[in-house]
Amino acid sequence: MSLTLPPVRTRLTDLAEQAGVSTATVSRVLNGKHGVSAQARQAVLAALDVLGYERPEKLRTRSAGLVGLVVPELSNPVFPAFAQVIETMLTERGYTAVLCTQSPGGTTEDQYVEMLLEHGVDGIVFVSGLHADTTASKDRYHRLRSRGVPVVLVNGWAEGVDAPTVSTDDAAALDLAFRHLTSLGHRSIGLAIGPDRFVPARRKREEFAVNLSRHLGVEDPEGHVVSTLFTVEGGQAAASELIESGHTAIICGSDLMALGAIRAARAHGLSVPEDVSVVGFDDSPLIAFTDPPLTTVRQPVQAMGHAAVSALVAEISGTPASRTELKFHPELIVRGSTGAAPAATTPATDGPAPS
């Protein structure tokens with residue numbers, strides 16, 4: 001009995017369908033021929049990886065160098081999203097990313113930096129690192145720059161640090177969420193946000209106060225803002241406090257906090273969005289599949305990752321990138337966790353209704 005192997009064309013067809021290109025393009029890439037765009041070539045290489053094929057030896061290009069990528073803990077899905085985008089774009093530029101992820105009690109940012117320097121990295125991208133903490137010393141970044149190491153900061157403007165900075169426009173994000181809720185009739189809106197020492201949290205808090213005054217005539221945000229941790233548990237604790245003080249809508253500093261806010265509403269016997277509306281921030285992967293699907297403000301991760309890598313590669317090549325903070329406009333994604341404000345209930349009275 002003979003075994004018939006599948007024809008090579010089947011593999012080419014599979015790769016072409018996965019990559020969204022023609023079989024002729026796949027063939028040219030696999031044979032190392034010219035006449036293929038960088039985008040098409042990358043799509044074919046990605047298809048090889050996704051379908052489990054080993055890359056041919058001739059396609060294994062030599063790395064142009066190492067780049068450190070330092071991100072916070074991976075429990076928040078937005079950070080793996082940033083890491084994946086930045087790593088992919090570094091690969092397209094010929095660089096190999098050295099991913100450094102932090103966790104409580106684990107390796108610190110400074111320890112990672114020392115390790116990266118020992119490995120002779122060409123540059124480092126920091127995502128939501130100590131640069132975003134206004135109480136942390138910026139000397140660590142000054143020392144890197146004095147050694148000639150190119151650095152790019154993502155989501156956390158650090159005054160005086162000689163490095164390009166790429167950020168989501170946090171004020172615009174808060175404004176989008178607030179306007180959405182007021183358009184639904186909400187007049188008691190609260191903010192569940194992370195520690196004020198972090199630049200993104202501080203900016204959202206400041207814009208929240210502006211919106212309270214502009215749209216609702218509330219001049220003092222006290223009682224409408226609860227600072228906590230950027231976690232599900234933190235969101236639940238903050239939302240509980242806001243719900244108990246009569247808020248019908250809650251803007252959260254992250255999607256994880258928003259999931260905690262939904263949990264808090266249910267713990268109080270309330271429904272989302274019938275009784276309480278919740279807005280997240282990030283639009284993390286899989287967040288559209290929560291119950292209910294989460295209304296959130298999407299960070300433009302793809303565009304920000306592209307800008308960060310472009311700035312770093314420019315720095316490495318000796319072409320200084322702009323030191324003006326690049327702020328990227330977010331997008332409101334309306335799903336099922338926000339709805340019309342609940343109708344005001346009339347308190348019960350013992351006597352007849354007033355005429």
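I began with the largest pocket, whose volume comes to about 960 Å³. The model is a predicted one, in which local features need pLDDT of at least 70 and side-chain atom pairs count only at pLDDT 80 or more, while totals for chains, interfaces and linings use all residues. Residues are numbered from 1 along each chain as its sequence is written, and side-chain values use heavy atoms, with hydrogens and water left out.

For the search I note the terms: on a 1 Å grid over the protein atoms alone, a cavity is a set of points where a 1.4 Å probe fits but cannot get out, a pocket is an open set with protein on both sides within 12 Å along at least five of seven lines, and lining residues have an atom within 4 Å of a point. Grid points are joined across faces, edges and corners, and a volume is the space filled by probe spheres set on the points.

Which residues lie nearest the centre of the largest pocket? I found P72, E73, F79, S128 and F230 there, out of 40 lining residues. At least two lining residues come from each of α4 (78-92), α8 (199-216), α9 (232-244) and β9 (277-282), where helices (H or I, at least four residues) and strands (E, at least two) are DSSP runs numbered from the N terminus. By class I recorded 16 nonpolar, 16 polar and 8 charged residues in this lining, counting Ala, Val, Leu, Ile, Met, Phe, Trp, Tyr, Cys and Pro as nonpolar, Asp, Glu, Lys and Arg as charged, and the others, Gly among them, as polar.

I then looked up the domains, whose bounds come from an automatic or database domain assignment: domain 1 is 12-57, domain 2 is 63-166 + 299-327 and domain 3 is 168-298. The largest pocket lies between domain 2 and domain 3, because both give residues to its lining. The centres of domain 1 and domain 2, taken over C-alpha atoms, are 30 Å apart.

Helix α2 (residues 23-30) and helix α3 (residues 38-50) have axes that come within 10 Å and cross at roughly 85°. That makes α2 roughly perpendicular to α3, given that angles under 35 degrees count as roughly parallel, over 145 as roughly antiparallel, 65 to 115 as roughly perpendicular and the rest as oblique. In contact (heavy atoms within 4.5 Å), T25, V26, V29 and L30 of α2 meet A40, R41, V44 and L48 of α3.

Helix α5 (residues 109-118) and helix α6 (residues 139-146) pack at about 10°, their axes 12 Å apart, which makes α5 roughly parallel to α6. Here E109, D110, V113 and L117 in α5 meet R140, Y141 and L144 in α6.

P292 is found in the loop between β9 and β10 (295-298).

Note on methods:
Axes are lines fitted to C-alpha atoms, for helices over the stretch in contact, and angles run from 0 to 180 degrees between N-to-C directions.
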